[in-house]
Amino acid sequence: MYMYKNTRITLIKGDITKLQVDAIVNAANNRLLGGGGVDGAIHRAGGIDILNACKEIGGCPTGEAQITIAGNLPSKKVIHTVGPIYKDGNNNEPQLLYNAYFNSLKLAEENQLKTIAFPSISTGIYGYPIEEAVDIAIKAVRDFIDTSSSIEEVVFVLFSVEDYEIYERKLEMIF
Ligand code: AR6
């Protein structure tokens, strides 16, 4: 784990379901009823109680976020957010992706959660080009932590070595 200077941002390669942080973020869909990718992994590892909590919430608009218990996961909470499905970049995708990160951080702050881990939202099944998505993810996190001291650590968790290296390159360019 490498902390980028004094930014409170860290980067790891691995499985987000294993992390002992206050909140892990799920890249969910509007129905909040589970799916593939990281969503499937979180529900598989966390158990049925998370799905039941999601059913009670009833859904989540794109760019917004909801919070549930973490069931059998080592984190304290799960924040479910919904990134945009990428079409061509002209359908408000950048703003919606930014909102997904920013609103997840806001929800963490509102719940006194200090450490939060993000997967690479929208860049899997939803098809967002990774290079563009990383810039938006980093900008949203920087914008938030620049104005708020409540979050102590933001971890970007990348599943593949390729994605990890893109994040690493972008972060090293900035910091
Ligand atoms: N830990 C960390 N990252 C992971 C893990 C894991 N255990 N598993 C996959 N990833 P995706 P999206 C990475 O497709 O594009 C679901 O069906 C993965 O390699 O999970 O936002 C939902 O229900 C990729 O880099 O999310 C929605 O319908 C990143 O997580 C839809 O997929 C995100 O890929 C959301 O699509």
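Predicted model: local features only at pLDDT ≥ 70, side-chain atom pairs only at ≥ 80, totals over all residues.

Me: What makes Lys 76 and Asp 22 a salt bridge?

Reply: The closest N and O atoms of Lys 76 and Asp 22 are 3.0 Å apart. The cut-off is 4 Å between a side-chain nitrogen of Lys or Arg and a carboxyl oxygen of Asp or Glu, so the pair qualifies. A search of the whole structure finds five salt bridges.

Me: Which parts of the chain does the pair of Lys 76 and Asp 22 tie together?

Reply: Lys 76 is in the loop between strands E4 (65-69) and E5 (77-81), while Asp 22 is in the loop between strands E2 (9-13) and E3 (23-27), so the pair joins parts 54 residues apart in sequence.

Me: Why is Lys 76 called exposed, and why is Asp 22 called buried?

Reply: Exposed means over 50% relative accessible area, and Lys 76 has 55%, so the word applies. Buried means under 20%, and Asp 22 has 11%, so Asp 22 counts as buried.

Me: How do you know that Asp 135 and Lys 170 form a salt bridge?

Reply: The N to O distance between their side chains is 3.1 Å. That is within 4 Å, so Asp 135 and Lys 170 meet the definition. The pair links distant parts of the chain, with Asp 135 in helix H4 (residues 130-147) and Lys 170 in helix H5 (residues 161-174), 35 residues apart. Lys 170 is buried at 10% relative accessible area, and Asp 135 is partly exposed at 39%. Both residues also belong to a network of salt bridges with Glu 131 and Arg 169.

Me: What makes Asp 143 and Lys 139 a salt bridge, and where do the two residues lie?

Reply: Their closest N and O atoms are 2.9 Å apart, and the limit is 4 Å, so the pair counts. Both lie in helix H4, four residues apart, about one turn of the helix. Asp 143, at 23% relative accessibility, is partly exposed. Lys 139 is also partly exposed, at 46%.

Me: How do you know that the count of disulfides is zero?

Reply: A disulfide needs two cysteine sulfur atoms within 2.5 Å. The sulfur of Cys 54 is 9.4 Å from the closest cysteine sulfur, that of Cys 60, which is too far for a bond. Cys 60 is in no disulfide either, its nearest cysteine sulfur being that of Cys 54. The count is therefore zero.

Me: What makes Cys 54 and Cys 60 buried?

Reply: Cys 54 has a relative accessible area of 0% and Cys 60 has 3%.

Me: Which residues of the largest nonpolar core touch the most other members?

Reply: In this core of 35 residues, they are Tyr 101, Ile 116, Phe 118, Phe 156 and Tyr 167. The elements that each supply at least two residues include helix H3 (93-110), strand E6 (115-118) and strand E7 (153-158). The largest share, 10 residues, comes from H4.

Me: Which residues is Phe 118 in contact with, leaving aside neighbours within four places in sequence?

Reply: Among them are Val 25, Tyr 101, Leu 105, Val 141 and Phe 156. Another core, of 18 residues, lies apart from the largest one and includes Ile 16, Val 21, Ile 42 and Val 78.

Notes:
Residues numbered from 1 in each chain as written. Heavy atoms only, no water. Buried < 20%, exposed > 50% of the residue type's maximum accessible area, 1.4 Å probe, protein only. Core = buried A, V, L, I, M, F, W, Y, C linked by side-chain atoms within 4.5 Å. Contact = heavy atoms within 4.5 Å.
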